[in-house]
Each structure stands twice: as C-alpha cells, then as structure tokens.
Amino acid sequence: MSTYPELKLFIGGEWRKTPEDLPVLNPATEEELGRLPHARVSDLEDALGAAQDGFEIWRKTPPRTRSDIILKAAAIMRARQEEIAQSITAEHGKPLKQARLEVIRGAEFFEWDAAEAMRVYGRVIPSAPGTKIAVHHHPIGVVAAFSPWNFPMSQPARKIAGALASGCAIILKAAEETPAGAIHIVRAFEEAGLPKGVLNLVFGTPSEISEYLIPQPSVRLVALTGSTIVGRQLTALAAQSDTPVLMELGGHAPVIVCEDTDVKRAALSGAVRKMRNAGQVCTSPTRFFVHESIYDSFADTFTERAAATVVGNGIDDGVEMGPTANDRRVPVLTDLVEDAVAKGAELRTGGARRGNKGYFFEPTVLANVPDTAQIMQTEPFGPIAVLNPVRDLDEAIAKANSVPYGLAGYAFTNRADYIDRMIDGVEVGNFSINTLEASLPETPFGGVKSSGYGREGGTEGLESYLTKRNVWYSSE
Ligand code: NAD
C-alpha cells in the first residue's frame, strides 16, 4: 500500500534501520506491509542518551513554546488524516471510518495537553511574616512508555502528549504489530520543530526493551497501556529502582440494564458498541446484566443486531467490523466460547473464526453464562458479549463488582435512586449512564483495582509526569 510509511526507529532526531527486522502483516489479508527494525541494546543506549540530552533542552523550553510545537504537530496530523487512517486500517484492520475518527481523537489528545502545558499551576501556602512557602511543579524526567496495538495512533498520542506537555523527554516502545500510527506522530513532531532527543521511538522484543530501560536511573516514569499481567511485570521492574508508574490496564466492563429503560435503544447501542474495534477496547461493554423482566426482549434485539454486523476488510465501504488485530486473539476467543458453552452457556450467535484468511472472529453473543465460565473473569478483548438476567439492582451491582478489574462501567436507567446507588456502588474509574462513551481528552481516564493507577486526560492528566517541589523562603 502506497500510503504505508517506511518502518524505522527514531533516535536522537534520526531515523534508523537495524540488521534484524520482522514482518508487519495486514490482519485482514495476512499480506506483508513492511519490515520493522528491532532495537539492539546499542540502539536503546543511544535512545537513553538522546532522551537525557533532549530532556535538558525541553525542560528549559518555555511552556508556551512547548505548547506551540505540540499544536503544530497536531495540525499536521489533522491535515494528514486520510493518509494516517489508511495506514491504521492496513496494519490494524479496523474500518476506515473508525480509523479516521481515531486520527482526530489522537490530535485532540495533543491539543488538550498543549493547552494544559500552560496551566501547570503551583500553589502559594499562607505562612508567617518573613516566610514564603510555595509548591512548584517540575517535569519528572525521562519517560519510558509502552503503547498497545488496539489504537495504533491514539494510544501513543496519549503518552507522548502527557510527556511533552509536561516538559519530559520520552522513549516510546509502540506496538510491533501496529508501528505506523506512532511513526506518523513522530514525523509530525519532526516537521513541527521538536528538538532532537525529546521524542524517541523504538520497536523490538518487548521484554528486552523494558528490562533494559526501566532499571536505568535516568528513567523517572514508566507508563504502560496494556494487559494487567504485563503491567505487574513492569511495575515489579520499576520497583527495583523506585520508579513511579502510570498503568492503564485491562477492563471487563459491566453494563447494568434496568427495567425502566428503553430496551430497544439499550440493546441496539450495546450491540453496536460491543463490536467497535472488534471488541478490542479496554472499555468495551462486555458483561450485560439485564433485569429479568426485560431480559428476553433485550437479548433478542441485541443478538439480531450483533449478528447483522457487517464484517470484512476495514478498507471496504460499509464494513462495520474488521478482523482481530493479530493471530493471538482468535484461539483465545475460541477457547473462551467453548469453555462457556461446555459449562452451560447458550451460544446465541457467532462463536468461531470466520473464513480461513485473516484473523476474523464472528460477532458473538453468549447468554445465561454461569459464573464458573472463564469469560466471567477473563477479559475477552474481542467481539464477544455476555448477556445475563438479574433479579434486582443489588444483584447487578454485586455481579458488576465480581471481577478484579475496575476500568469502565455502564448503566441504562433514568431512575434517580438507581443512579445514586450505582455511582456509589460500582467499582470503576469511569461510569457512564445512558451512553457507552467513557473517555474524552478533557476527562480523566484510568482504573481502580487491577485496571491500574494514575489518570490520563483531564486536568489530572499531567500529574504523573510532574513532581511537586515544596519551596520555603525565609527573609529572617
Ligand atoms: P500482551 O499483554 O502480551 O501485550 C500488550 C502490550 O504490551 C503489547 O503492545 C506488547 O508489545 C506490550 N508488552 C508485552 N510484554 C511486554 C514487556 N515484557 N515489556 C514491555 N511491553 C510489553 O498481550 P496481547 O496479546 O498483545 O494483548 C492481549 C491482552 O492485552 C488483552 O487481553 C488485553 O487485556 C490487553 N490489552 C489491553 C489494552 C488496553 O487498552 N488496556 C490494549 C491492548 C491489549
């Protein structure tokens, strides 16, 4: 594909190839899109040195200049929306329409944080005559960041935006399956005039890169979006050098559907949202707990809409759902369905790989799934919905909270008493009522429990990238 960029590392302001490379595949066709160079230890050493130098320049760059450069890069990304979207669809598989929206969302993350760069206010603390006490914010230092493959452009955007707006330098290891999204971002910053070394991009063997970078004394923050298991590994590594972490991990979002709601609207929006990005979204609505009085009609409408999802190559017009993004998801999803059915769940639609080319999985609905099924505890990260009836709101809240995750949660109701009980009772970082939206650049995004800690976005979004310094001045 002509719009797919050449794949290289970016270290100290230079694009670099290495002797070892691996293919990047189109998940809809399994065709090779390009060869991705893998970083050696010497490349990582160079990236670290470059980031340390870049940090010394960037921390002293006035916030307004930082903000201007970030805004310029975001404008370049917006202008290249179509080219970037085509690359994302080629390497990830999502429908082009969704890829176009992702590019805009990525640009918005930069725009929000660029404005926040101007608002890193400190605090003056009332004190005795002759004494002045204030709290100053300083960029934390070099950030080692790891971004996943489900949103090839907007996931790297969040981490780069937070780091650069705060005055930090960053070494990003983006996902090896979907490198082009991050490469397009780096190109935009190169053209926008970002000083060399402030933003570095590497790919390779994930464990080798994290095991080299995280213990380095000059790395002062580890930021990951990924699975809970990898989050624990990186957090343990960071603990060896007392390095703080920002962790956006898995989710297993509950949707509580109350008896007063518009059943058709809830079922249709749930089925459409579930299949977005082939379900590979950490906030994807997955466990639907539906009041028993409306369960049958909800399940019928949901299943009909899910089964009607237009599945195909994301580049083709009218496609609503592409393949899963890599060859790892189909076997995992197949096992989860087989396990649930073996334990008594009803397979309402889907449940298997579709075709024999590309990593397509059918839109799948499981009903009346017993609590013992693995899928009730394991995030599917794929196009599978679970529909279970509940007797009342207490049962629904208990079921919602019955997983180790706590990222997003949803509800459909207009009853004030129900809303009040759920806001207090559902253990998640993001709770949405009568909508399945969970995140905007201006809202703080993150989880509780095993879904991670720290927030990206909102006025809280730069906190992890900043340290606070309490400054005393005495004139006596
Ligand atoms: P994975 O956990 O192996 O990888 C997730 C990401 O972490 C990848 O981009 C990978 O490159 C990186 N990674 C893996 N091991 C690493 C290491 N030792 N050091 C540094 N980075 C490392 O899983 P996967 O098969 O790619 O994805 C499956 C699971 O990941 C899903 O079930 C889901 O829970 C989770 N995931 C979550 C998100 C999210 O947005 N929170 C995104 C993608 C994947």
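In what order do the 3 strands of the open antiparallel sheet stand? The order is S5-S6-S22.

This model is predicted: local features need pLDDT of at least 70, side-chain atom pairs count only at pLDDT 80 or more, and totals for chains, interfaces and linings use all residues. Residues are numbered from 1 along each chain as its sequence is written.

Two strands pair if DSSP finds at least two bridges between them. Strand S5 (123–125) and strand S22 (466–474) stand at the edges with a single partner strand each, so one side of each has no neighbour in the sheet. Neighbouring strands are turned by 25° against each other on average, direction ignored. The axes behind such angles are lines fitted to C-alpha atoms, and angles run from 0 to 180 degrees between N-to-C directions. Lysine 132 has tyrosine 473 in S22 as its bridge partner.

**Strand S12.** In S12 (residues 253–257), 5 of 5 residues are buried (20 or more other C-beta atoms within 10 Å of a residue's own, with C-beta atoms placed from the backbone). Ala253, Val255 and Val257 cover one side. Pro254 and Ile256 lie on the other. Valine 257 stands opposite valine 290 in S13 and opposite phenylalanine 412 in S18.

| Strand pair | Bridges | Sense |
|---|---|---|
| S6 (residues 131–139) and S22 | 9 bridges | antiparallel |
| S12 and S13 (residues 285–291) | 5 bridges | parallel |
| S12 and S18 (residues 408–412) | 3 bridges | parallel |

Notes: Helix = DSSP H or I, 4+ residues; strand = E, 2+ residues; numbered from the N terminus. Buried ≥ 20, exposed ≤ 12 C-beta atoms within 10 Å, placed from the backbone.
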